[in-house]
Amino acid sequence: MGALGFGVDVGGSGIKGAIVDLDTGELVEDRIKIETPRPATPDAVAATVAEIVARAQWDGPVGVTLPAVVTAGVARTAANIDPSWIGTDARSILSTALGGRDVTVLNDADAAGLAEYRYGAGRDVNGLVVLLTFGTGIGSAVIHRGVLLPNTEFGHMEVDGKEAEHRAASSVKDTEGLSYKEWAAEVSRVLCRFEDLLWPDLFIAGGGISRKHEKWIPRLENRTPVVPAALLNTAGIVGAALVAANPQETGIAP
Ligand code: BGC
């Protein structure tokens, strides 16, 4: 086994963490999942993260994802989490909850993008890779030849008068009862807009719905190839662990 790291992925419904083999991007043991506390305030989430780390008996540095813009460890937005995160020094709250150890905090989609680029669907791509996570919202990660452009928020780009994530997040499919065909048409519309502005070589589609990729990816009508994420529900954890172990190398460290 190679070098190990620890990543925690904070989501709207669950907080998940695991020890990661950084040579392969595989989890060393099953991930530990605890329901996200309600309300998901910084202190409540930090206590849950500490519980996960303690259960795993991990005592090294920890990477943590948030569904928010994160600059220099501070959460700047809170589109689908408790608004009390905005302006919170997430890194210091989490570090205190973890006994003062090194903590790196980053956006959830950025973590997933780095993990897919290093170990998954973006591995052999030499150009511009855009990972999109389709879930409650739409997260985005833009990576060019291994270098992440952090905190892109393409899910909030207006596409034909509506935010992209209000058109094409997978939650919209559920709440509006859309068929895969109807939902894929919305995803195509959003992807066409993104590709006109970014010209990526590859889109990677992540989020839970990428598990059913055969039902919708073949229906997409945009021009850039779209492939399903390879790491599925571990990408956030793996990316967070990777960044915590190499904060300088990944460009996330302040
Ligand atoms: C947030 C992003 C996040 C994405 C996926 C969006 O609403 O603004 O920061 O990456 O949801 O969780």
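**Rings, charges and a pocket: a colleague's note**

1. The charged end of Arg223 sits over the ring of Trp199, 3.9 Å from its centre. Lys173 does likewise with Tyr180, lying over the ring face at 4.1 Å from the centre. The term "over a ring" asks for NZ of Lys or CZ of Arg within 6 Å of the ring centre and within 35 degrees of the ring normal.

2. A word on the source: this is a predicted model, where local features need pLDDT of at least 70 and side-chain atom pairs count only at pLDDT 80 or more, while totals for chains, interfaces and linings use all residues. Residues are numbered from 1 along each chain as its sequence is written, and side-chain values use heavy atoms, leaving out hydrogens and water.

3. Now to ring against ring. Rings of Phe, Tyr and Trp (its six-membered ring) pair if their centres lie within 6.5 Å; planes under 30 degrees apart are called stacked, over 60 edge-to-face, and the rest tilted. The count comes to 5 aromatic pairs. In one of them, Phe154 and Phe194 have ring centres 5.6 Å apart and planes at 55 degrees, so the pair is tilted. Phe154 lies in the loop between β11 (147–149) and β12 (158–159) and Phe194 in helix α6 (residues 180–198), so the pair ties together parts 40 residues apart in sequence. Helices (H or I, at least four residues) and strands (E, at least two) are DSSP runs, numbered from the N terminus.

4. Buried means under 20% relative accessible area, exposed over 50%, and partly exposed in between (1.4 Å probe, protein chains only).

5. The rings of Trp183 and Trp216 have their centres 4.8 Å apart and their planes at 70 degrees, so this pair is edge-to-face. Trp183 belongs to helix α6 and Trp216 to the loop between β14 (202–206) and β15 (226–228), 33 residues apart. Both Trp183 and Trp216 are buried.

6. Lastly, where does the lining of the largest pocket come from? Domain 1 (4–110 + 234–250) and domain 2 (124–230) both give residues to it, so the pocket lies between them; the domain bounds come from an automatic or database domain assignment. The lining has 47 residues, of which Asp108, Thr133, Gly135, Thr136 and Gly207 lie nearest the pocket centre. A pocket here is an open set of points on a 1 Å grid over the protein atoms alone, where a 1.4 Å probe fits, with protein on both sides within 12 Å along at least five of seven lines; lining residues have an atom within 4 Å of a point.
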